[in-house]
Amino acid sequence: MTKQRCRTVRGLWAQVDALMLGMNWSEEDIEKPHILIDDVQGDSHPGSFHLDVLSDEAGIGVYETGGKPAKFHVTDICDGWAQGHDGMNYILPSREIIADMVEIHASVIPWDGMILLSGCDKSVPAHLMAAARMDIPTIHIPSGSMRAGPGNSTSGLAGPLTARAKKGQGTAEEMRDFKLTGCPSCGACQFMGTASTMQCLSEAAGLALPGTALMPATFMDIRRMARRAGKKIMELADKNITARKILSQAALHNAIKVHAAIGGSTNALIHIPALAHELDLPLDPKLFDSIGQEIPYLTNIQPSGKYVTELFWFAGGVPMIQWLIKDHLDLDVMTVTGRPLGENLDILWKEGFFDRCLQHLTTFGIPAEEIIRRPENAKQRGSIAVLGGNLAPDGAVVKYSAVAAAMLTHTGRAAVFDSEEAAQAAIIAGRINPGDVVVIRYEGPKGSGMPEMFMTTDAIVFDERLNGTVAVVTDGRFSGATRGPCIGHVSPEAVEGGPIALAENDDLIEIDIPARSLRIVGVAGVRKSPEEITAILQTREAAWRLPDMPPKRGVLKRYSRNAVSAMAGAYMK
(Lines give C-alpha, C1' and ligand atoms only; values in the text may rest on other atoms or scores of the structure.)
Protein backbone atom coordinates (compact mmCIF):
# COMPACT_ATOMS: atom_id res chain seq x y z
CA MET A 1 0.00 0.00 0.00
CA THR A 2 1.15 3.53 -0.72
CA LYS A 3 3.07 5.49 1.85
CA GLN A 4 0.55 8.10 2.91
CA ARG A 5 1.48 11.70 2.22
CA CYS A 6 -1.22 12.87 4.63
CA ARG A 7 0.60 11.33 7.58
CA THR A 8 3.26 14.01 7.26
CA VAL A 9 0.85 16.65 8.57
CA ARG A 10 -1.59 14.71 10.75
CA GLY A 11 0.87 14.53 13.58
CA LEU A 12 1.34 18.29 13.58
CA TRP A 13 -2.16 19.20 14.70
CA ALA A 14 -4.76 16.98 16.38
CA GLN A 15 -7.62 18.87 14.81
CA VAL A 16 -6.83 17.33 11.43
CA ASP A 17 -8.20 13.97 12.54
CA ALA A 18 -11.01 15.57 14.52
CA LEU A 19 -12.19 17.48 11.46
CA MET A 20 -12.27 14.29 9.42
CA LEU A 21 -14.21 12.47 12.12
CA GLY A 22 -16.68 15.36 12.20
CA MET A 23 -17.83 14.25 8.76
CA ASN A 24 -18.54 10.76 7.41
CA TRP A 25 -15.05 9.45 8.19
CA SER A 26 -14.31 6.55 10.51
CA GLU A 27 -11.15 6.01 12.50
CA GLU A 28 -10.24 3.33 9.95
CA ASP A 29 -10.68 5.84 7.11
CA ILE A 30 -8.13 8.14 8.70
CA GLU A 31 -5.46 5.47 8.28
CA LYS A 32 -6.19 4.87 4.60
CA PRO A 33 -4.63 6.66 1.61
CA HIS A 34 -6.62 9.85 0.98
CA ILE A 35 -7.80 10.68 -2.53
CA LEU A 36 -9.10 14.12 -3.51
CA ILE A 37 -12.03 13.93 -5.94
CA ASP A 38 -12.61 17.38 -7.42
CA ASP A 39 -15.39 17.95 -9.94
CA VAL A 40 -17.10 20.91 -11.62
CA GLN A 41 -20.62 19.63 -11.02
CA GLY A 42 -23.46 22.10 -10.73
CA ASP A 43 -26.63 23.40 -12.34
CA SER A 44 -24.47 25.34 -14.78
CA HIS A 45 -24.84 23.32 -17.99
CA PRO A 46 -25.40 19.73 -19.20
CA GLY A 47 -21.68 19.04 -19.52
CA SER A 48 -21.27 19.16 -15.74
CA PHE A 49 -24.74 18.41 -14.38
CA HIS A 50 -24.16 14.64 -14.01
CA LEU A 51 -20.67 14.70 -12.57
CA ASP A 52 -21.91 14.08 -9.05
CA VAL A 53 -22.93 10.61 -10.24
CA LEU A 54 -19.50 9.94 -11.76
CA SER A 55 -17.81 11.40 -8.68
CA ASP A 56 -19.73 8.93 -6.52
CA GLU A 57 -18.65 6.07 -8.77
CA ALA A 58 -15.02 7.14 -8.59
CA GLY A 59 -15.33 7.28 -4.81
CA ILE A 60 -16.69 3.73 -4.72
CA GLY A 61 -13.68 2.61 -6.74
CA VAL A 62 -11.35 4.27 -4.24
CA TYR A 63 -13.15 2.58 -1.32
CA GLU A 64 -13.04 -0.80 -3.05
CA THR A 65 -9.26 -0.63 -3.28
CA GLY A 66 -8.61 0.50 0.27
CA GLY A 67 -8.61 4.28 0.03
CA LYS A 68 -10.75 7.12 1.39
CA PRO A 69 -12.19 9.59 -1.13
CA ALA A 70 -12.93 13.21 -0.26
CA LYS A 71 -15.22 15.15 -2.63
CA PHE A 72 -14.68 18.81 -3.49
CA HIS A 73 -16.40 20.99 -6.10
CA VAL A 74 -15.74 24.10 -8.22
CA THR A 75 -18.68 24.56 -10.60
CA ASP A 76 -17.71 25.70 -14.08
CA ILE A 77 -19.67 27.98 -16.40
CA CYS A 78 -20.86 27.73 -20.00
CA ASP A 79 -20.24 29.88 -23.07
CA GLY A 80 -23.82 29.16 -24.13
CA TRP A 81 -25.25 31.02 -21.16
CA ALA A 82 -22.88 33.93 -21.74
CA GLN A 83 -23.66 34.67 -25.40
CA GLY A 84 -24.72 38.20 -26.24
CA HIS A 85 -23.74 39.96 -23.03
CA ASP A 86 -20.72 40.76 -20.84
CA GLY A 87 -20.91 37.38 -19.14
CA MET A 88 -18.82 36.08 -22.06
CA ASN A 89 -15.89 38.16 -20.81
CA TYR A 90 -15.66 35.90 -17.75
CA ILE A 91 -15.49 32.58 -19.59
CA LEU A 92 -11.74 32.35 -20.28
CA PRO A 93 -10.75 33.86 -16.90
CA SER A 94 -12.81 31.10 -15.28
CA ARG A 95 -10.14 28.64 -16.43
CA GLU A 96 -7.61 30.37 -14.21
CA ILE A 97 -9.94 30.48 -11.21
CA ILE A 98 -10.88 26.81 -11.48
CA ALA A 99 -7.21 25.83 -11.69
CA ASP A 100 -6.46 28.02 -8.69
CA MET A 101 -9.27 26.52 -6.63
CA VAL A 102 -8.17 22.96 -7.39
CA GLU A 103 -4.65 23.98 -6.36
CA ILE A 104 -6.08 25.30 -3.09
CA HIS A 105 -8.07 22.11 -2.49
CA ALA A 106 -5.08 19.95 -3.37
CA SER A 107 -2.71 21.91 -1.12
CA VAL A 108 -4.67 22.01 2.14
CA ILE A 109 -3.20 18.61 3.03
CA PRO A 110 -0.81 16.36 1.06
CA TRP A 111 -3.29 14.11 -0.75
CA ASP A 112 -2.12 10.68 -1.89
CA GLY A 113 -3.83 11.09 -5.24
CA MET A 114 -6.37 13.19 -7.13
CA ILE A 115 -9.25 12.50 -9.50
CA LEU A 116 -10.55 15.43 -11.56
CA LEU A 117 -13.93 15.31 -13.32
CA SER A 118 -14.84 17.76 -16.09
CA GLY A 119 -15.86 17.80 -19.71
CA CYS A 120 -16.19 21.30 -21.13
CA ASP A 121 -14.36 24.22 -22.65
CA LYS A 122 -12.51 25.77 -19.72
CA SER A 123 -12.86 23.16 -16.98
CA VAL A 124 -10.85 20.45 -18.76
CA PRO A 125 -7.84 22.69 -19.45
CA ALA A 126 -8.15 24.11 -15.93
CA HIS A 127 -7.95 20.59 -14.54
CA LEU A 128 -5.00 19.69 -16.75
CA MET A 129 -3.22 22.84 -15.60
CA ALA A 130 -3.96 22.06 -11.95
CA ALA A 131 -2.71 18.49 -12.39
CA ALA A 132 0.55 19.79 -13.83
CA ARG A 133 0.86 22.37 -11.07
CA MET A 134 0.34 19.90 -8.21
CA ASP A 135 2.25 16.94 -9.70
CA ILE A 136 0.63 14.24 -7.58
CA PRO A 137 -0.87 10.98 -8.94
CA THR A 138 -3.86 12.21 -10.97
CA ILE A 139 -6.54 10.83 -13.28
CA HIS A 140 -8.94 12.96 -15.31
CA ILE A 141 -12.45 11.64 -15.96
CA PRO A 142 -14.12 13.29 -19.01
CA SER A 143 -17.85 13.96 -18.68
CA GLY A 144 -18.66 12.38 -22.05
CA SER A 145 -20.81 13.40 -24.99
CA MET A 146 -24.39 14.62 -25.08
CA ARG A 147 -26.84 12.54 -27.09
CA ALA A 148 -27.68 13.87 -30.57
CA GLY A 149 -30.70 16.00 -31.34
CA PRO A 150 -33.30 15.10 -33.99
CA GLY A 151 -31.73 14.15 -37.30
CA ASN A 152 -28.25 14.09 -35.74
CA SER A 153 -28.53 17.80 -34.98
CA THR A 154 -26.60 19.63 -32.27
CA SER A 155 -27.02 22.49 -29.83
CA GLY A 156 -25.21 24.59 -32.45
CA LEU A 157 -28.60 25.16 -34.12
CA ALA A 158 -28.96 28.03 -31.65
CA GLY A 159 -26.84 30.17 -33.98
CA PRO A 160 -28.96 30.12 -37.14
CA LEU A 161 -32.22 30.23 -35.20
CA THR A 162 -31.12 33.26 -33.18
CA ALA A 163 -29.81 35.06 -36.27
CA ARG A 164 -33.08 34.43 -38.10
CA ALA A 165 -35.14 35.56 -35.12
CA LYS A 166 -33.23 38.85 -34.97
CA LYS A 167 -34.16 39.42 -38.60
CA GLY A 168 -37.81 38.69 -37.88
CA GLN A 169 -37.64 35.34 -39.63
CA GLY A 170 -38.48 31.87 -38.37
CA THR A 171 -41.35 30.84 -36.13
CA ALA A 172 -41.98 30.50 -32.43
CA GLU A 173 -42.69 26.80 -33.02
CA GLU A 174 -39.24 26.27 -34.54
CA MET A 175 -37.58 27.99 -31.61
CA ARG A 176 -39.57 26.01 -29.06
CA ASP A 177 -38.79 22.73 -30.81
CA PHE A 178 -35.08 23.52 -30.67
CA LYS A 179 -35.20 24.46 -27.00
CA LEU A 180 -36.87 21.15 -26.17
CA THR A 181 -34.57 18.96 -28.28
CA GLY A 182 -31.25 20.81 -28.77
CA CYS A 183 -29.74 19.44 -25.55
CA PRO A 184 -31.53 16.11 -25.04
CA SER A 185 -29.22 14.81 -22.29
CA CYS A 186 -26.27 15.66 -20.10
CA GLY A 187 -22.78 15.63 -21.58
CA ALA A 188 -20.69 17.99 -23.71
CA CYS A 189 -22.22 19.53 -26.86
CA GLN A 190 -22.43 17.13 -29.78
CA PHE A 191 -19.89 18.71 -32.13
CA MET A 192 -16.08 18.89 -32.15
CA GLY A 193 -16.04 22.20 -30.33
CA THR A 194 -13.65 23.11 -27.56
CA ALA A 195 -15.33 20.87 -24.97
CA SER A 196 -15.07 17.78 -27.16
CA THR A 197 -11.59 18.75 -28.30
CA MET A 198 -10.26 19.10 -24.78
CA GLN A 199 -11.76 15.78 -23.68
CA CYS A 200 -9.94 14.16 -26.60
CA LEU A 201 -6.66 15.91 -25.78
CA SER A 202 -6.82 14.87 -22.13
CA GLU A 203 -7.04 11.25 -23.25
CA ALA A 204 -4.47 11.77 -26.00
CA ALA A 205 -2.00 13.19 -23.47
CA GLY A 206 -2.46 10.11 -21.28
CA LEU A 207 -4.24 11.66 -18.29
CA ALA A 208 -7.65 10.03 -18.94
CA LEU A 209 -8.30 6.30 -19.19
CA PRO A 210 -8.33 4.96 -22.77
CA GLY A 211 -11.69 5.30 -24.51
CA THR A 212 -13.27 7.71 -22.02
CA ALA A 213 -13.26 10.91 -24.07
CA LEU A 214 -16.71 11.56 -25.59
CA MET A 215 -18.20 8.33 -24.32
CA PRO A 216 -22.00 8.85 -24.40
CA ALA A 217 -22.82 10.46 -21.07
CA THR A 218 -26.01 8.41 -20.66
CA PHE A 219 -24.30 5.04 -21.12
CA MET A 220 -23.54 2.85 -18.12
CA ASP A 221 -20.05 2.45 -19.58
CA ILE A 222 -19.11 5.90 -18.33
CA ARG A 223 -20.12 5.02 -14.78
CA ARG A 224 -18.07 1.83 -14.91
CA MET A 225 -15.07 3.77 -16.22
CA ALA A 226 -15.41 6.31 -13.42
CA ARG A 227 -15.35 3.49 -10.87
CA ARG A 228 -12.35 1.99 -12.65
CA ALA A 229 -10.59 5.35 -12.37
CA GLY A 230 -11.19 5.27 -8.62
CA LYS A 231 -9.43 1.92 -8.45
CA LYS A 232 -6.64 2.94 -10.82
CA ILE A 233 -5.71 6.07 -8.85
CA MET A 234 -4.77 3.83 -5.94
CA GLU A 235 -2.33 1.99 -8.19
CA LEU A 236 -0.82 5.26 -9.42
CA ALA A 237 -0.48 6.47 -5.84
CA ASP A 238 1.22 3.22 -4.83
CA LYS A 239 3.68 3.49 -7.73
CA ASN A 240 4.02 7.29 -7.35
CA ILE A 241 3.18 7.88 -11.02
CA THR A 242 2.50 11.62 -10.86
CA ALA A 243 0.95 13.93 -13.42
CA ARG A 244 4.26 15.26 -14.71
CA LYS A 245 5.51 11.73 -15.34
CA ILE A 246 2.60 11.42 -17.76
CA LEU A 247 2.36 14.95 -19.17
CA SER A 248 5.77 14.92 -20.84
CA GLN A 249 6.91 16.84 -23.90
CA ALA A 250 6.29 13.71 -25.98
CA ALA A 251 2.78 13.37 -24.54
CA LEU A 252 1.93 16.96 -25.50
CA HIS A 253 3.24 16.33 -29.01
CA ASN A 254 1.04 13.23 -29.21
CA ALA A 255 -1.96 15.32 -28.15
CA ILE A 256 -1.22 17.95 -30.81
CA LYS A 257 -1.07 15.20 -33.44
CA VAL A 258 -4.45 13.89 -32.34
CA HIS A 259 -5.74 17.48 -32.46
CA ALA A 260 -4.67 17.70 -36.10
CA ALA A 261 -6.33 14.40 -36.96
CA ILE A 262 -9.68 15.30 -35.37
CA GLY A 263 -9.87 18.89 -36.64
CA GLY A 264 -9.93 20.22 -33.08
CA SER A 265 -10.92 23.66 -31.86
CA THR A 266 -8.62 26.65 -32.25
CA ASN A 267 -8.99 27.19 -28.51
CA ALA A 268 -6.57 24.31 -27.98
CA LEU A 269 -3.91 26.79 -29.10
CA ILE A 270 -4.70 28.74 -25.94
CA HIS A 271 -5.06 25.78 -23.60
CA ILE A 272 -2.16 23.53 -24.56
CA PRO A 273 0.44 26.35 -24.38
CA ALA A 274 -1.00 27.28 -20.96
CA LEU A 275 -0.59 23.64 -19.89
CA ALA A 276 2.97 23.60 -21.23
CA HIS A 277 3.68 26.71 -19.15
CA GLU A 278 2.51 24.90 -16.01
CA LEU A 279 4.80 22.00 -16.94
CA ASP A 280 7.77 24.32 -17.56
CA LEU A 281 7.98 22.91 -21.08
CA PRO A 282 8.64 24.97 -24.22
CA LEU A 283 5.84 24.96 -26.78
CA ASP A 284 5.75 27.22 -29.82
CA PRO A 285 2.16 27.57 -31.14
CA LYS A 286 3.58 27.11 -34.63
CA LEU A 287 4.11 23.49 -33.63
CA PHE A 288 0.36 22.96 -34.18
CA ASP A 289 0.85 24.11 -37.76
CA SER A 290 4.03 22.16 -38.52
CA ILE A 291 2.70 18.97 -36.94
CA GLY A 292 -0.58 19.41 -38.78
CA GLN A 293 1.22 19.32 -42.10
CA GLU A 294 2.37 15.77 -41.25
CA ILE A 295 -0.90 14.38 -39.86
CA PRO A 296 -3.89 13.39 -42.02
CA TYR A 297 -7.21 14.99 -41.06
CA LEU A 298 -9.38 11.94 -40.44
CA THR A 299 -12.75 12.90 -38.99
CA ASN A 300 -16.10 13.79 -40.51
CA ILE A 301 -17.54 15.47 -37.42
CA GLN A 302 -19.52 18.71 -37.11
CA PRO A 303 -18.87 21.63 -37.47
CA SER A 304 -16.37 20.78 -40.22
CA GLY A 305 -18.11 17.55 -41.17
CA LYS A 306 -21.42 15.70 -41.05
CA TYR A 307 -21.68 13.59 -37.91
CA VAL A 308 -21.94 14.10 -34.13
CA THR A 309 -19.46 13.22 -31.42
CA GLU A 310 -21.27 10.18 -30.03
CA LEU A 311 -20.86 8.61 -33.48
CA PHE A 312 -17.17 9.51 -33.29
CA TRP A 313 -16.97 7.40 -30.13
CA PHE A 314 -18.94 4.57 -31.77
CA ALA A 315 -16.34 4.62 -34.57
CA GLY A 316 -13.59 4.03 -32.02
CA GLY A 317 -13.00 7.52 -30.67
CA VAL A 318 -9.55 8.72 -29.65
CA PRO A 319 -8.07 5.18 -29.51
CA MET A 320 -9.01 4.60 -33.15
CA ILE A 321 -7.40 7.90 -34.12
CA GLN A 322 -4.27 6.92 -32.19
CA TRP A 323 -4.22 3.51 -33.87
CA LEU A 324 -4.52 5.00 -37.35
CA ILE A 325 -1.73 7.54 -36.80
CA LYS A 326 0.39 5.36 -34.50
CA ASP A 327 3.40 5.63 -36.81
CA HIS A 328 3.48 9.35 -35.96
CA LEU A 329 3.07 8.90 -32.18
CA ASP A 330 5.47 8.17 -29.36
CA LEU A 331 3.95 4.89 -28.17
CA ASP A 332 6.30 4.63 -25.19
CA VAL A 333 4.79 7.53 -23.23
CA MET A 334 3.41 6.67 -19.79
CA THR A 335 -0.36 6.92 -19.23
CA VAL A 336 -2.73 6.73 -16.26
CA THR A 337 -3.15 3.00 -16.83
CA GLY A 338 0.39 2.65 -15.53
CA ARG A 339 1.31 1.31 -18.98
CA PRO A 340 2.65 2.96 -22.15
CA LEU A 341 0.31 4.12 -24.90
CA GLY A 342 1.22 1.36 -27.36
CA GLU A 343 0.40 -1.34 -24.82
CA ASN A 344 -2.94 0.36 -24.06
CA LEU A 345 -3.93 0.22 -27.73
CA ASP A 346 -3.03 -3.46 -28.02
CA ILE A 347 -5.07 -4.26 -24.92
CA LEU A 348 -8.10 -2.38 -26.30
CA TRP A 349 -8.04 -4.57 -29.41
CA LYS A 350 -7.63 -7.78 -27.41
CA GLU A 351 -10.40 -7.06 -24.91
CA GLY A 352 -12.91 -6.05 -27.59
CA PHE A 353 -13.27 -2.29 -27.03
CA PHE A 354 -13.20 -1.45 -30.74
CA ASP A 355 -15.59 -4.24 -31.68
CA ARG A 356 -18.13 -3.14 -29.07
CA CYS A 357 -17.95 0.47 -30.22
CA LEU A 358 -18.36 -0.45 -33.87
CA GLN A 359 -21.36 -2.65 -33.11
CA HIS A 360 -23.23 0.48 -32.05
CA LEU A 361 -22.88 1.84 -35.57
CA THR A 362 -25.01 -0.99 -36.91
CA THR A 363 -27.95 0.80 -35.26
CA PHE A 364 -27.36 3.77 -37.55
CA GLY A 365 -26.27 1.92 -40.67
CA ILE A 366 -23.23 4.20 -41.05
CA PRO A 367 -19.86 2.71 -42.09
CA ALA A 368 -17.12 3.53 -39.60
CA GLU A 369 -14.95 5.00 -42.36
CA GLU A 370 -17.66 7.58 -43.03
CA ILE A 371 -16.92 8.97 -39.56
CA ILE A 372 -13.19 8.30 -39.12
CA ARG A 373 -11.41 7.98 -42.45
CA ARG A 374 -8.38 5.79 -42.97
CA PRO A 375 -5.21 7.85 -43.54
CA GLU A 376 -4.94 6.79 -47.18
CA ASN A 377 -8.40 8.27 -47.79
CA ALA A 378 -7.73 11.59 -46.04
CA LYS A 379 -8.50 14.64 -48.16
CA GLN A 380 -6.07 16.96 -46.38
CA ARG A 381 -3.53 17.16 -43.61
CA GLY A 382 -4.06 18.94 -40.33
CA SER A 383 -6.65 21.59 -39.61
CA ILE A 384 -4.93 24.62 -38.02
CA ALA A 385 -2.73 27.32 -39.54
CA VAL A 386 -0.70 29.91 -37.64
CA LEU A 387 -0.52 33.12 -39.65
CA GLY A 388 1.89 36.06 -39.47
CA GLY A 389 2.34 39.38 -41.23
CA ASN A 390 2.00 43.09 -40.58
CA LEU A 391 -1.46 42.68 -39.03
CA ALA A 392 -0.35 39.89 -36.66
CA PRO A 393 3.42 40.09 -36.07
CA ASP A 394 3.23 37.67 -33.12
CA GLY A 395 0.78 35.35 -34.80
CA ALA A 396 -2.88 34.54 -35.42
CA VAL A 397 -4.82 31.29 -35.73
CA VAL A 398 -7.32 29.91 -38.24
CA LYS A 399 -9.03 26.51 -38.53
CA TYR A 400 -8.64 25.98 -42.26
CA SER A 401 -10.46 22.64 -42.22
CA ALA A 402 -13.64 24.70 -41.72
CA VAL A 403 -12.80 27.20 -44.52
CA ALA A 404 -14.13 26.79 -48.06
CA ALA A 405 -11.41 26.46 -50.71
CA ALA A 406 -12.48 29.70 -52.36
CA MET A 407 -11.73 31.66 -49.18
CA LEU A 408 -8.31 30.23 -48.38
CA THR A 409 -6.97 33.30 -50.13
CA HIS A 410 -8.99 36.50 -49.99
CA THR A 411 -8.51 40.24 -50.10
CA GLY A 412 -11.30 42.50 -48.90
CA ARG A 413 -12.15 45.89 -47.47
CA ALA A 414 -11.94 46.16 -43.70
CA ALA A 415 -15.06 46.91 -41.68
CA VAL A 416 -13.61 47.76 -38.27
CA PHE A 417 -15.40 47.47 -34.90
CA ASP A 418 -14.22 47.93 -31.34
CA SER A 419 -16.55 45.27 -29.93
CA GLU A 420 -18.30 42.10 -31.05
CA GLU A 421 -21.70 43.56 -30.22
CA ALA A 422 -21.15 46.42 -32.68
CA ALA A 423 -20.00 44.01 -35.39
CA GLN A 424 -22.94 41.67 -34.98
CA ALA A 425 -25.41 44.56 -35.00
CA ALA A 426 -23.91 45.81 -38.27
CA ILE A 427 -24.25 42.37 -39.85
CA ILE A 428 -27.87 41.97 -38.76
CA ALA A 429 -28.64 45.49 -40.03
CA GLY A 430 -27.19 44.69 -43.46
CA ARG A 431 -24.28 47.13 -43.25
CA ILE A 432 -21.64 44.52 -44.16
CA ASN A 433 -21.05 43.80 -47.84
CA PRO A 434 -19.99 40.58 -49.57
CA GLY A 435 -16.20 40.37 -49.70
CA ASP A 436 -15.64 42.49 -46.57
CA VAL A 437 -13.23 41.56 -43.82
CA VAL A 438 -14.86 42.22 -40.45
CA VAL A 439 -12.21 43.32 -37.93
CA ILE A 440 -13.17 43.04 -34.26
CA ARG A 441 -10.62 44.40 -31.79
CA TYR A 442 -10.14 45.21 -28.10
CA GLU A 443 -11.48 41.71 -27.39
CA GLY A 444 -8.16 40.08 -26.46
CA PRO A 445 -7.16 38.78 -23.01
CA LYS A 446 -6.15 42.22 -21.74
CA GLY A 447 -8.95 43.97 -23.60
CA SER A 448 -12.11 42.28 -22.38
CA GLY A 449 -11.12 38.79 -21.23
CA MET A 450 -10.99 37.27 -24.73
CA PRO A 451 -14.64 36.36 -25.39
CA GLU A 452 -15.61 34.19 -28.32
CA MET A 453 -17.16 35.71 -31.45
CA PHE A 454 -19.77 32.99 -32.05
CA MET A 455 -22.76 35.30 -32.50
CA THR A 456 -20.93 37.30 -35.15
CA THR A 457 -19.67 34.32 -37.12
CA ASP A 458 -23.04 32.62 -37.06
CA ALA A 459 -24.75 35.82 -38.19
CA ILE A 460 -22.46 35.77 -41.25
CA VAL A 461 -22.81 32.04 -41.97
CA PHE A 462 -26.60 32.22 -41.91
CA ASP A 463 -26.87 35.33 -44.08
CA GLU A 464 -27.12 34.05 -47.65
CA ARG A 465 -25.80 37.37 -48.95
CA LEU A 466 -22.59 37.12 -46.88
CA ASN A 467 -21.95 33.44 -46.30
CA GLY A 468 -18.84 32.22 -48.05
CA THR A 469 -17.54 35.69 -48.93
CA VAL A 470 -16.94 37.51 -45.62
CA ALA A 471 -14.00 36.88 -43.26
CA VAL A 472 -13.58 37.80 -39.59
CA VAL A 473 -10.28 38.89 -38.03
CA THR A 474 -10.07 39.46 -34.28
CA ASP A 475 -7.81 39.55 -31.25
CA GLY A 476 -10.60 37.64 -29.50
CA ARG A 477 -11.28 33.94 -29.93
CA PHE A 478 -13.87 31.76 -31.61
CA SER A 479 -16.19 28.99 -30.55
CA GLY A 480 -15.04 25.52 -31.45
CA ALA A 481 -18.24 25.33 -33.52
CA THR A 482 -17.17 28.21 -35.76
CA ARG A 483 -17.16 27.77 -39.52
CA GLY A 484 -15.70 29.89 -42.27
CA PRO A 485 -12.61 32.11 -42.66
CA CYS A 486 -12.38 33.22 -39.04
CA ILE A 487 -8.94 34.33 -37.87
CA GLY A 488 -8.49 34.83 -34.14
CA HIS A 489 -5.89 35.32 -31.40
CA VAL A 490 -4.34 38.18 -33.40
CA SER A 491 -1.27 39.25 -31.46
CA PRO A 492 -0.19 41.68 -30.17
CA GLU A 493 -3.76 42.52 -29.25
CA ALA A 494 -5.29 45.96 -29.76
CA VAL A 495 -5.07 47.03 -26.10
CA GLU A 496 -1.30 46.64 -26.32
CA GLY A 497 -1.16 48.77 -29.45
CA GLY A 498 -0.82 45.86 -31.85
CA PRO A 499 -1.34 46.59 -35.56
CA ILE A 500 -4.95 45.43 -35.34
CA ALA A 501 -5.54 48.63 -33.32
CA LEU A 502 -4.31 50.63 -36.30
CA ALA A 503 -6.62 49.12 -38.94
CA GLU A 504 -9.15 51.51 -40.48
CA ASN A 505 -12.34 51.09 -42.47
CA ASP A 506 -11.69 50.34 -46.13
CA ASP A 507 -8.11 49.19 -45.58
CA LEU A 508 -7.43 46.24 -47.86
CA ILE A 509 -6.72 43.12 -45.82
CA GLU A 510 -5.12 40.14 -47.53
CA ILE A 511 -5.64 36.67 -46.10
CA ASP A 512 -3.41 33.97 -47.57
CA ILE A 513 -3.80 30.80 -45.52
CA PRO A 514 -1.58 28.59 -47.74
CA ALA A 515 1.19 31.20 -47.37
CA ARG A 516 0.36 31.64 -43.65
CA SER A 517 0.00 35.38 -44.13
CA LEU A 518 -2.33 38.09 -42.75
CA ARG A 519 -1.53 41.59 -43.97
CA ILE A 520 -2.84 45.07 -44.56
CA VAL A 521 -2.03 45.66 -48.23
CA GLY A 522 -4.00 48.78 -49.07
CA VAL A 523 -5.70 51.94 -47.83
CA ALA A 524 -9.09 53.36 -48.82
CA GLY A 525 -9.53 50.42 -51.17
CA VAL A 526 -6.28 51.13 -53.04
CA ARG A 527 -3.39 48.65 -52.92
CA LYS A 528 -0.06 50.05 -51.69
CA SER A 529 3.51 48.80 -51.70
CA PRO A 530 4.85 47.09 -48.55
CA GLU A 531 7.05 50.10 -47.91
CA GLU A 532 4.08 52.47 -48.15
CA ILE A 533 2.03 50.32 -45.78
CA THR A 534 4.90 50.27 -43.26
CA ALA A 535 5.12 54.05 -43.33
CA ILE A 536 1.33 54.43 -43.00
CA LEU A 537 1.20 52.10 -40.00
CA GLN A 538 4.07 53.96 -38.34
CA THR A 539 2.18 57.23 -38.75
CA ARG A 540 -1.00 55.70 -37.32
CA GLU A 541 0.92 54.19 -34.42
CA ALA A 542 2.36 57.58 -33.49
CA ALA A 543 -1.15 59.03 -33.32
CA TRP A 544 -2.82 56.03 -31.63
CA ARG A 545 -4.26 56.36 -28.15
CA LEU A 546 -5.97 53.65 -26.16
CA PRO A 547 -9.70 54.41 -26.26
CA ASP A 548 -11.75 54.59 -23.10
CA MET A 549 -12.56 51.05 -22.00
CA PRO A 550 -15.46 49.93 -19.79
CA PRO A 551 -14.32 49.82 -16.16
CA LYS A 552 -13.43 46.40 -14.77
CA ARG A 553 -13.53 45.08 -11.25
CA GLY A 554 -12.67 41.92 -9.37
CA VAL A 555 -11.66 38.84 -11.32
CA LEU A 556 -11.91 40.47 -14.73
CA LYS A 557 -9.74 43.37 -13.62
CA ARG A 558 -7.08 41.02 -12.27
CA TYR A 559 -7.19 38.86 -15.37
CA SER A 560 -6.92 41.70 -17.88
CA ARG A 561 -4.06 43.21 -15.91
CA ASN A 562 -2.04 39.99 -15.70
CA ALA A 563 -2.94 37.91 -18.79
CA VAL A 564 -0.23 37.06 -21.27
CA SER A 565 -0.68 37.00 -25.05
CA ALA A 566 -3.23 34.64 -26.54
CA MET A 567 -0.45 33.06 -28.59
CA ALA A 568 1.37 32.26 -25.33
CA GLY A 569 -1.70 30.70 -23.69
CA ALA A 570 -3.57 33.70 -22.20
CA TYR A 571 -2.77 32.53 -18.67
CA MET A 572 -2.31 34.90 -15.75
CA LYS A 573 1.32 35.53 -14.92
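Ground rules. This is a predicted model, in which local features need pLDDT of at least 70 and side-chain atom pairs count only at pLDDT 80 or more, while totals for chains, interfaces and linings use all residues. Residues are numbered from 1 along each chain as its sequence is written, and side-chain values use heavy atoms, with hydrogens and water left out.

Start with the sheet. It is open, with four strands in the order E2-E1-E3-E4, and the pairing is parallel. A word on terms. Helices (H or I, at least four residues) and strands (E, at least two) are DSSP runs, numbered from the N terminus. Two strands pair if DSSP finds at least two bridges between them.

Now the edges. Strand E2 (68–73) and strand E4 (138–142) each have a single partner strand, so one side of each is left without a neighbour in the sheet. From one strand to the next, the twist averages 20°. Angles run from 0 to 180 degrees between N-to-C directions, and axes are lines fitted to C-alpha atoms, for helices over the stretch in contact.

Look at E1 and E3. Strand E1, residues 34–39, pairs with strand E3, residues 113–118, in the parallel sense over five bridges. Take Asp39: its bridge partner in E3 is Leu117.

Next, the helices. Helix H7 (residues 91–107) packs on the sheet and touches E1, E2 and E3. Contact means heavy atoms within 4.5 Å. The direction of H7 makes about 160° with that of E1. Helix H12, residues 220–239, lies across E1, E3 and E4. H12 runs at about 175° to E4.

On to the backbone. Most residues other than glycine have a negative phi, and most peptide bonds are trans. Here are some exceptions.

Where are the cis bonds? One joins Gln302 and Pro303, with omega about 10°. Pro303 sits in the loop between helix H16 (286–292) and helix H17 (309–314). Another joins Ser491 and Pro492, with omega about -5°. Find Pro492 in the loop between strand E10 (486–491) and strand E11 (508–512).

Then positive phi. Tyr442, not a glycine, has phi near 65°. Its loop runs between strand E8 (437–440) and helix H23 (445–448). Is Tyr442 buried or exposed? Buried, at a relative accessible area of 4%. Buried means under 20%, exposed over 50%, partly exposed in between, with a 1.4 Å probe and protein chains only.

Last one: Ala570. Phi is positive here too, about 55°. Ala570 lies in the segment after helix H26 (554–562). Ala570 is buried, with a relative accessible area of 0%.
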